[in-house]
Amino acid sequence: MKKLFLLIFLSAMGIGSYAQSKVYFTKEITPESLVRIYQALGREAKGRVAVKISTGEGGNKHYLKPDFIRNLVEEVHGTIVECNTAYSGTRNSSEKHWETIHQHGFDSIFVVDLMDEFGEMKIPVRDHTHLKYDIVGDHLSRYTFLINLAHFKGHAMGGYGGVLKNQSIGVASSSGKAYIHTAGYTTNPEEAWNHIDNQDGFLESMAATAQAVADYFGDNILYINVLNNMSVDCDCDGNPATPELKDMGIMASLDPVALDWACVEKVFNHKASDNDNNQPLIERINSRHGTHTIDWAEHIGLGTKQYVIIDIDK
């Protein structure tokens with residue numbers, strides 16, 4: 001009987017260990033460390049590689065800068081990809097978005113593709129709780145591999161922004177963004193902001209569309225979060241709050257759920273000190289029920305919250 005119990009216990013331990021996703025970490029936030037953590041993942045980006053970033057709203061200074069990401073983009077021969085926004089600002093039309101891209105220095109270094117500039121397309125979602133499909137820029141079909149390169153920080157509506165947001169709202173066209181924000185109520189950006197009362201539906205819709213993009217690329221996708229300039233506000237805010245939390249490093253994984261959860265836990269478990277305060281970001285995440293996006297993404301099978309940290313600095 002004791003032997004049977006021991007076998008069951010060891011088996012359970014083995015299953016738990018197997019279920020953990022690897023999340024790679026470096027304290028360094030440099031162009032070189034960004035390439036190193038990409039290489040540590042062991043999944044080569046090849047073919048027609050899209051690098052999804054946020055180009056940053058006009059006036060924002062916290063987005064990932066071209067000089068920082070340049071080595072990685074050149075390493076994979078990638079194209080920077082973005083989509084237009086669904087709110088009024090400096091990126092809600094292709095004409096204005098191109099001006100912002102130029103002001104922020106992206107098009108002087110990289111090939112840049114506004115994926116919904118000329119059209120959009122629908123891709124399937126597995127989770128039909130709120131949405132019938134995902135609406136993305138039709139240029140997504142140009143690419144065979146996606147690097148989801150996100151700036152981890154707060155967000156006024158989602159609580160936080162990481163790879164799940166970057167892959168859902170970020171890859172969606174303007175009408176797709178409206179569809180997600182309203183949990184399937186409308187695809188009209190002008191009408192959307194009158195129908196954003198279903199907060200959990202919005203968060204669940206982000207998880208569902210992040211999964212849709214993951215399904216679209218299969219194994220040809222990887223995820224990186226950069227934990228710097230962690231304002232409570234997103235790069236989509238032209239006047240974001242000053243970050244109160246010091247830079248933490250870069251994390252990467254082949255599992256977007258594990259990656260975002262590892263970043264959230266790193267922020268939540270951080271010991272605050274003078275000029276290094278995690279409480280505003282924690283409050284922003286909790287007040288928007290932000291971790292529900294991660295919980296729902298795990299629930300629908302996009303990934304797992306069980307992870308192990310692999311420190312590539314050691």
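Predicted model: local features only at pLDDT ≥ 70, side-chain atom pairs only at ≥ 80, totals over all residues.
**Exercise 1. The open sheet**

Task: Give the strand order of the open eight-stranded sheet, then name its edge strands.

Solution. Step one is the order: β4-β3-β2-β7-β10-β11-β1-β12. The pairing is mixed. Step two is the edges. β4 (112-114) and β12 (307-311) each pair on one side only, which makes them the edge strands.

**Exercise 2. Aromatic pairs**

Task: Count the aromatic pairs, then classify Y133 with Y179 and Y216 with F217.

Solution. The count comes to four aromatic pairs. Start with Y133 and Y179. Their ring centres are 5.3 Å apart and their planes meet at 25 degrees, so this pair is stacked. Y133 lies in the loop between β5 (120-123) and β6 (134-137), while Y179 belongs to helix α6 (residues 174-181). The pair therefore ties together parts that are 46 residues apart in sequence.

Y133 has a relative accessible area of 23%, so it is partly exposed. Y179 is at 5%, so it counts as buried.

Then take Y216 and F217. Their centres are 5.2 Å apart, with 75 degrees between the planes, and the pair is edge-to-face. Y216 is partly exposed, with a relative accessible area of 34%. F217 counts as buried at 5% relative accessibility.

**Exercise 3. Charges over rings**

Task: Find which ring the charged end of K65 sits over, and do likewise for K122.

Solution. The charged end of K65 sits over the ring of Y63, 4.5 Å from the ring centre. For K122, the ring is that of Y133, with the charged end 4.2 Å from its centre. Y133 is thus found both in this contact with K122 and in the stacked pair with Y179.

**Exercise 4. A covered helix**

Task: Decide how many residues of α6 are buried, and say what they pack against.

Solution. Eight of the eight residues of α6 are buried. Among them are S174, K177, Y179 and H181. The buried residues pack against β5, β6, α5 (163-168), α7 (189-192) and α8 (199-217). A183 follows α6 and has a positive phi, near 50 degrees.

**Exercise 5. The setting of H62**

Task: Locate H62, judge whether it is buried or exposed, and list its contacts beyond four places in sequence.

Solution. H62 is in the loop between β2 and α3 (66-75). Its relative accessible area is 12%, under the 20% cut-off, so H62 is buried. Leaving aside neighbours within four places in sequence, H62 is in contact with H151, N229, S231, D235, P240, A241 and P243.

Definitions and conventions:
Residues numbered from 1 in each chain as written. Heavy atoms only, no water. Pairing = 2+ DSSP bridges. Helix = DSSP H or I, 4+ residues; strand = E, 2+ residues; numbered from the N terminus. Phe/Tyr/Trp six-rings, centres within 6.5 Å; stacked < 30°, edge-to-face > 60°. Buried < 20%, exposed > 50% of the residue type's maximum accessible area, 1.4 Å probe, protein only. Lys NZ or Arg CZ within 6 Å of the ring centre and 35° of its normal. Contact = heavy atoms within 4.5 Å.
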